[in-house]
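The following exercises are to be worked from a sequence and its three-dimensional model. Each task is followed by a solution in steps.

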Amino acid sequence: NTHMIDGAGYDWEDYKKDIINQPTIGKSTVQSGKTGDGYAKITLKSRTNQQNSDVLEDTWNYKYAGTTITSGKYQIFEAPQSGMYKIQAWGAQGRAIWTGGKGAYTSGEIYLEKGKKLYIYVGSQGNNYKNVANGGWNGGGSTTTANPYGQASGGGGATDIRLLASSDKHTWNEFDSLKSRIMVAAGGGGAIRYYNSSSAYAYGIGGAGGTLIGEKGYFSERTSSSWDPYYGTGGTQSMGGYQNNSSLINIGNFGIGSSSNTEGAGGGGGYYGGGSTNSIIGVGGGGSSYISGYEGCSSIEESSTSINIIHNGNSIHYSGYYFDNTSMLSGNDSSIPSYDGNSLITGNKGNGYAKITYLNSNTSNKEDKNAKAHYYSYSGTNLENGKYQIQSKANSNIVLEVAGGDKNSNGRVQV
């Protein structure tokens with residue numbers, strides 16, 4: 001929309017056929033040519049994209065926000081306009097003494113109302129100090145290493161999207177905030193390096209941040225096959241990983257990778273964290289990932305507490321927010337997109353990352369996207385004293401999902 005008018009008032013684009021007055025600086029009147037000194041003016045206009053949106057920015061990028069691996073803080077995204085948004089998350093890598101497990105990748109599209117706030121927790125990579133190795137911020141497991149011949153590292157933190165912030169920006173492990181996560185990209189487990197002599201050494205690789213289940217750690221080299229292959233298993237959708245030869249020790253938790261106090265590498269953060277071990281030749285497992293609406297994910301009830309986590313077997317988060325067009329890839333996958341989307345990578349290295357992209361202002365599925373899911377399980381205390389339950393009147397179309405019971409489980413209804 002260009003225009004050029006000479007000082008005599010002639011329009012050069014019209015071959016001087018018509019005299020056109022110039023606007024004055026204040027644009028309240030017109031003038032024939034500019035007198036005195038020159039002038040320039042730049043006016044910000046709303047960028048209108050192909051969906052006729054007035055969003056001035058359409059991509060938001062979130063790096064790890066801390067100055068050390070334990071000083072991270074959450075960041076806030078506020079939807080500038082109602083519409084569809086694509087959210088991508090990359091988990092952090094376990095620390096690489098040998099090779100730390102790489103972070104997982106998750107993505108999906110979600111409808112957000114204008115002004116809706118999401119809280120972005122970007123995980124950091126663990127460290128590998130000689131005596132104490134801290135896990136990465138947002139769930140990476142730590143370790144204490146006293147063995148003079150070995151060195152273990154901390155697990156990587158997860159990157160997640162929450163509906164509820166922690167009480168302060170640096171705290172990540174408050175349960176009410178953790179249970180509000182609607183997307184989690186798992187962190188990788190920590191690695192180990194043990195060297196006593198040329199005839200006694202082991203190099204272990206941390207388990208990658210996983211999809212529904214985290215990857216276990218493994219050994220790339222060791223001099224004795226008689227050594228027990230200690231490793232942390234990966235987190236799952238309902239429990240943390242643990243030491244491979246015992247499900248009772250070094251267990252990860254909801255949002256937290258297992259820490260080792262006896263020399264083994266730490267587990268990666270995730271929906272559930274990866275396991276660690278109590279051996280200097282033990283590597284950490286990767287955490288599990290989660291996307292609300294992704295088939296196979298196991299959401300928890302809103303009434304869950306830190307000591308009583310109730311899984312309902314449904315993939316959709318209790319808030320009703322869920323994603324379409326989802327993708328979940330482990331840190332071992334070679335088809336993960338880079339941050340800028342111009343190439344593919346095998347797992348995420350270093351700290352985590354998150355990216356939000358505005359897609360369009362389509363509101364055709366507004367009610368569907370903001371609907372709150374209600375779950376109805378068997379209401380009795382034994383198999384004969386069940387009772388009916390009441391669903392309040394719906395203001396729009398609803399979806400019913402009904403599952404009958406069998407000899408192993410009760411029936412259930414989702415509205």
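The model is a predicted one: local features need pLDDT of at least 70, side-chain atom pairs count only at pLDDT 80 or more, and totals for chains, interfaces and linings use all residues. Residues are numbered from 1 along each chain as its sequence is written, and side-chain values use heavy atoms, with hydrogens and water left out.

**Exercise 1. Describe the protein chain as a whole.**

Step 1. The secondary structure comes to two helices and 23 strands; these are DSSP runs numbered from the N terminus, helices being H or I of at least four residues and strands E of at least two.

Step 2. Of the 415 residues in the protein chain, 48% are buried. Buried means under 20% relative accessible area, exposed over 50%, and partly exposed in between, with a 1.4 Å probe and protein chains only.

Step 3. For contacts (heavy atoms within 4.5 Å) between residues at least 6 apart in sequence, 62% join residues at least 24 apart.

**Exercise 2. Which residues of the largest nonpolar core touch the most other members?**

Step 1. A nonpolar core is a set of buried Ala, Val, Leu, Ile, Met, Phe, Trp, Tyr and Cys residues joined through side-chain atoms within 4.5 Å.

Step 2. The largest such core has 41 residues, and F77, L118 and I120 touch the most other members. Among the elements that each supply at least two residues of this core are β5 (83-90), β7 (117-121), α1 (175-178) and β20 (353-360).

Step 3. With residues up to four places away in sequence not counted, I120 touches Y62, K73, Y74, Q75, F77, D160, I161, A354 and I356.

Step 4. A second, separate core has 11 residues, including A202, F219, A265 and I281.

**Exercise 3. Classify the ring pairs Y85–Y358 and Y339–Y353, and locate their residues.**

Step 1. Rings of Phe, Tyr and Trp (its six-membered ring) pair if their centres lie within 6.5 Å; planes under 30 degrees apart count as stacked, over 60 as edge-to-face and the rest as tilted. By this rule there are 17 aromatic pairs.

Step 2. The pair Y85 and Y358 is edge-to-face, because the ring centres are 5.2 Å apart and the planes lie at 70°. Y85 belongs to strand β5 and Y358 to strand β20, 273 residues apart. Y85 is buried at 0% relative accessibility, and Y358 is buried at 5%.

Step 3. Y339 and Y353 are stacked, at 3.9 Å centre to centre and 5° between the planes. Y339 lies in the loop between β18 (336-337) and β19 (344-345) and Y353 in strand β20, so this pair ties together parts 14 residues apart in sequence. Y339 is partly exposed, at 28%, whereas Y353 is buried, at 9%.

Step 4. Y64, Y74, Y119, Y121 and W137 are linked into a cluster by ring pairs. R162 lies over the face of Y121, 3.6 Å from the ring centre; a charge sits over a ring if NZ of Lys or CZ of Arg is within 6 Å of the ring centre and within 35 degrees of the ring normal. The charged end of R181 likewise sits over the ring of F254, 4.7 Å from its centre.

**Exercise 4. Are N250 and N325 buried or exposed, and what is the phi of N250 and of N325?**

Step 1. Most residues other than glycine have a negative phi.

Step 2. N250 has a positive phi near 55°; N250 is in the loop between β15 and β16 and is buried, at 15%.

Step 3. N325 has a positive phi of about 50°; N325 lies in strand β17 and is exposed, at 58%.
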